[in-house]
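Welcome! Take a look at the sequence and the model first, then read on.

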Amino acid sequence: MSTPELRSDFGAIDVAPDAPVRAGARRILLWDLPLRVFHWSLVASVTTAVVTGELGGVWMAWHGRAGLVIFGLLVFRLVWGLLGSATSRFTHFAPSPARVLAYLRGRWRGVGHNPLGALSVFALLALLALQATTGLFGNDDIAFAGPLNHLVDDTLGSRATGWHRLLADGLFVLLALHLLAVAFHVLVKRHRLIRPMITGLQDVEADTPVPPPRGGGRIGLLLAVSLAAAGVLVLVRAGQATAPATAPSATPAVDARTVAAPSW
């Protein structure tokens with residue numbers, strides 16, 4: 001008998017398997033397609049931002065573009081965390097003290113992020129949001145100015161740049177811890193974490209509690225994508241509106257006496 005399917009707009013919660021599933025287990029759709037696209041897009045954009053930020057110089061233009069992409073992805077994730085499919089919602093994996101305590105005692109059972117992994121996810125999202133925000137207002141006085149830098153004075157712009165660089169160190173630490181945790185679960189505990197983030201599918205024990213299917217519909221996806229795109233477009237236009245004008249091809253002659261005695 002095939003496994004029953006409880007379908008949402010982006011797949012089934014319980015999936016009739018195409019490949020054999022071990023006895024006593026069932027195959028579920030753990031991560032929906034929009035969440036998987038978000039995850040790997042964030043990996044690519046953060047990697048680009050880190051590399052171009054370290055290279056500096058002419059690469060700062062690409063650093064800024066990567067930052068705008070990260071901003072848009074975070075807006076999408078915020079909306080999808082409210083309207084997305086069951087396992088994508090923040091309420092599903094929010095790390096409450098009771099959940100963390102149950103996990104530490106070995107009593108937590110569920111699918112998706114465990115409570116400690118959830119803490120890492122929320123920390124990364126929060127730090128990336130702060131990083132993106134400070135970058136919008138920053139100015140390194142050499143090759144880069146954020147699209148909202150014109151809204152603050154030079155002092156606050158310099159502080160935003162300093163915070164941006166300081167937060168980058170914290171981001172490196174969190175990313176390293178995240179990768180180490182993934183490696184530990186994959187290599188030591190033999191948990192399959194990578195495949196579900198690619199295919200969306202995971203095999204779980206038959207008695208594992210799985211949230212009922214809800215959300216993740218096309219309207220929610222359209223709203224999340226629209227808000228993310230609108231936010232990025234506003235920032236792009238703000239940056240274009242404040243871009244320095246092209247220098248004139250010829251400089252008119254200036255009377256030395258006028259320079260010596262400015263009208264202000």
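A contact here means heavy atoms within 4.5 Å. This is a predicted model, in which local features need pLDDT of at least 70 and side-chain atom pairs count only at pLDDT 80 or more, while totals for chains, interfaces and linings use all residues. Residues are numbered from 1 along each chain as its sequence is written, and side-chain values use heavy atoms, with hydrogens and water left out.

**Overall layout**

- The protein has nine helices and four strands; helices (H or I, at least four residues) and strands (E, at least two) are DSSP runs, numbered from the N terminus.
- Reading from the N terminus, the order of elements is β-β-β-α-α-α-α-α-α-α-β-α-α.
- Of the contacts with a separation of 6 or more, 63% are between residues 24 or more positions apart.

**Surface and interior**

- Of the 264 residues in the protein, 34% are buried; buried means under 20% relative accessible area, exposed over 50%, and partly exposed in between (1.4 Å probe, protein chains only).
- The protein exposes about 16000 Å², and carbon and sulfur atoms supply 67% of that area.
- Accessible areas come from the Shrake-Rupley method with a 1.4 Å probe, and for residues only the protein chains shown count as cover.

- Side chains of opposite charge can pair when their charged atoms come close.
- The structure holds three salt bridges, each defined as a side-chain nitrogen of Lys or Arg within 4 Å of a carboxyl oxygen of Asp or Glu.
- Asp203 and Arg27 pair through their side chains, at 2.6 Å from N to O.
- Because Asp203 sits in strand β4 (residues 201-205) and Arg27 in strand β3 (residues 25-29), this pair ties together parts that are 176 residues apart in sequence.
- Arg27 is buried at 9% relative accessibility, whereas Asp203 is partly exposed at 23%.
- Asp203 also meets the side chain of Arg195 in a salt bridge, at 4.0 Å from N to O, and Arg195 is partly exposed with a relative accessible area of 30%.
- Through shared partners, Arg27, Arg195 and Asp203 are joined into one network.

**Salt bridges: a link between two loops**

- Arg109 forms a salt bridge with Asp207, with the closest N and O atoms 3.3 Å apart.
- Arg109 lies in the loop between α4 (97-104) and α5 (115-137), and Asp207 in the loop between β4 and α8 (218-241), so the pair links distant parts of the chain, 98 residues apart.
- Arg109 is partly exposed at 46% relative accessibility, while Asp207 is exposed at 58%.
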